[in-house]
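Please look over the structure below before reading on.

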Amino acid sequence: MRRLGPILLGTIPLWLAGAALAQATPEGAAELRDGLNQMLQPILGLQVQRQPLFTGPITVEPAGAGYTVVFPGVHLMLDTSTKTESRTLTLRCEAQTYRAASAGAATWRLESDQPINCAAEPSGAPRATMISRALQAHLMVDLDQKLFTESEVRADSLAIGQDGQPGKVTIDRVSWSSRVDPAADPGRHDAAFRMETRGLSALDEKGIERFAVGHSVYDATMGGMDVRLVLAAYGEILGAYGGMMEETAAALSDQKADPKQVERLPLETVKKMMSITKRMVAGFGDAGEFSGTVTDLRVKAPDVQVTVDRLRFAEGYGGASTPQGTGVLELEMAGLGLAPKLPFAQWIPADATVRLNAGGIPWVEVATAYMAFLDASASQWDVPNEAEQRMAQAMTELGGILRQAGSRLAVTSFQITAPEAAVDLSGAVQGKDSAAHGVTADLDLRVTNLDGLIKFLQGLPDGAQAAAGLSMAEVMGRQATADDGRSARDYDIVVDEAGKILVNGTDLAVFAPK
């Protein structure tokens, strides 16, 4: 009896293991399969030239304690014929197999280590492939919410190229991740997305590297987003583009096709997309931020090489559902280099920083006016004169909305620097319906080493006219000294409510031709 207790305790792990192994059932597989197929139907249902984009639905089978999930691959034979030549393009991507395990009620964890393997085979030309050496993928799916709530995918040694050809694109590592969390508003979510590459290199047909990026990253976040609506709209947009491709291919292969009709197809696609886009915009959240950064950029053309240490852009908006929304735009560049060195290289900007902040923007009204502009632009082919009038009217309405709202644009930072000169701008522009120009402005501008630039231009064979114009600007400027001790010119620029444009107190109207 004394030995019975330890024996029974020792069998507990086996009981637990047996219970775990028993969790995988045909009923569980069917539940997961149906949930995934229903959730991804807008994507799985896409067609190209009347062919399904994917080879079938998602399949799920019991596998020990979990399940094997197979996402369908791609196998398409597209007609790419022209009026004079019959051609096809075959596209193939292997199906992706995942291991699935339950992570709670209606929540599943999916993992895969199957490398990417895709190919495009144009008739009469070498096959192009996209293959990764390795892949690690992790997904969390919530069938009740019908969302992938979390994802992390990393592909190593990704290569894109043609069989037997030296030209190719390689990426040491590419990764993307996303996360979706419930927002305060039922049915909406806070979403974050990130995509990153390391070691991107592009070789030409001679095997010479023409383009390279050491590191790039793109980040996007949106608060209060209707993720399901936006994803469904993206599926419809892809379907519209697929329809356009199908009609274009049919027209190009038709000897009797009207060339003008082929030219109309993109505009007709835009028309189809207008209602989709309007619905998609309604699904965007109340705030969003988007940014991208590139470091160690190298471009090698036959006659010139361009290098940039760092490039960055960022944009964002907030308070989209309020009349006092905000916006931001940032641009940065550092370490621009050119080779061979140009004669005027010292005057070419190598570094720049721009930050613009906007406030008092009624985003809903702005979006409505902008959609009216896009709607008008889609009818340019049918009624060009009417379309131009409607586009102009939409832009006028947009300006009126911003003026009436008293929208404000603050130039928080605007610095452009070359080895021998620099430009700094700050201040604000204020929308005002009662102002003669619709805005008032108060800006501070500093130009460093303007006199040096004038002397440089005067030494050029065709630089006299430009030098004369800058000399007039120099006279209007107020003498100053930059932080590094170089000479500078300062300009206080004011646009008042009456419509006067003043530079250091002088009305520019006095320089206007009589």
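## A positive phi in a strand

Asp296 is found in strand β15, which covers residues 287-300. This is a predicted model, and the values here are computed from it. Asp296 is not a glycine, yet its phi is positive, at about 55 degrees. Most residues other than glycine have a negative phi. How exposed is Asp296? Its relative accessibility is 38%, so Asp296 counts as partly exposed.

## A positive phi in a loop

Asn504 also needs a look. Its place is in the loop between β24 (501-503) and β25 (506-507). Asn504 has a positive phi of about 50 degrees, although it is not a glycine. The relative accessible area of Asn504 is 23%, so this residue is partly exposed. The cut-off for buried is under 20%.

## The whole protein

The protein has nine helices and 25 strands. What is its radius of gyration, and what would a compact globule of 514 residues have? The protein has 30 Å, whereas such a globule would be near 24 Å. Along the principal axes, the C-alpha atoms fill a box of roughly 105 × 75 × 50 Å.

Buried residues make up 34% of the 514 residues. The accessible surface comes to about 28600 Å². Carbon and sulfur atoms hold 59% of that surface. The protein carries 46 positive and 63 negative charges.

Ser151 sits in strand β11, residues 147-162. Is Ser151 buried or exposed? Its relative accessible area is 8%, so Ser151 is buried. Which side chain makes a polar contact with the side chain of Ser151? That partner is the side chain of Ser178, at 2.6 Å. Beyond four places in sequence, Ser151 touches His138, Leu139, Trp176, Ser177 and Ser178.

Ser175 lies in strand β12, residues 168-182. Ser175 has a relative accessible area of 19%. Buried means under 20%, so Ser175 is buried. Outside the four places on either side in sequence, Ser175 touches Val153, Arg154, Arg194, Met195 and Glu196.

## A buried loop leucine

Leu143 is placed in the loop between β10 (128-142) and β11. Setting aside neighbours within four places in sequence, its contacts are Glu31, Leu32, Gly35, Leu36, Ala106 and Trp108.

Met39 gives a further distance for Leu143. The two residues are 104 residues apart along the chain. Their C-alpha atoms are separated by 7.7 Å.

Gly327 lies in strand β17, residues 325-339. Gly327 is buried, with a relative accessible area of 13%. Which residues touch Gly327, leaving aside neighbours within four places in sequence? They are Gly316, Tyr317, Leu356, Asn357, Ala358, Ile361 and Trp363. Gly235 is 92 residues from Gly327 in sequence. In space, the two are 28 Å apart, C-alpha to C-alpha.

A cis peptide bond joins Ala339 and Pro340, with omega about 0 degrees. Most peptide bonds are trans. Pro340 is found in the loop between β17 and β18 (351-361).

Val475 is found in helix α9, residues 464-476. Is Val475 buried or exposed? Val475 has a relative accessible area of 69%, so it is exposed. The cut-off for exposed is over 50%. Arg489 is 14 residues from Val475 in sequence. The C-alpha atoms of Val475 and Arg489 are 9.0 Å apart in space.

Key: Residues are numbered from 1 along each chain as its sequence is written. This is a predicted model: local features need pLDDT of at least 70, side-chain atom pairs count only at pLDDT 80 or more; totals for chains, interfaces and linings use all residues. Side-chain values use heavy atoms; hydrogens and water are left out. Helices (H or I, at least four residues) and strands (E, at least two) are DSSP runs, numbered from the N terminus. The radius of gyration is taken over C-alpha atoms; the globule rule is 2.2 Å times the number of residues to the power 0.38. Buried means under 20% relative accessible area, exposed over 50%, partly exposed in between (1.4 Å probe, protein chains only). Accessible areas come from the Shrake-Rupley method with a 1.4 Å probe; for residues, only the protein chains shown count as cover. Lys and Arg count as positive and Asp and Glu as negative; His and the chain ends are not counted. The place of a charge is taken as NZ of Lys, CZ of Arg, CG of Asp or CD of Glu. A polar contact is a pair of N or O atoms within 3.5 Å; within protein, one must be able to donate a hydrogen and the other to accept it, and residues adjacent in sequence count only if both atoms are side-chain atoms. Contact means heavy atoms within 4.5 Å.
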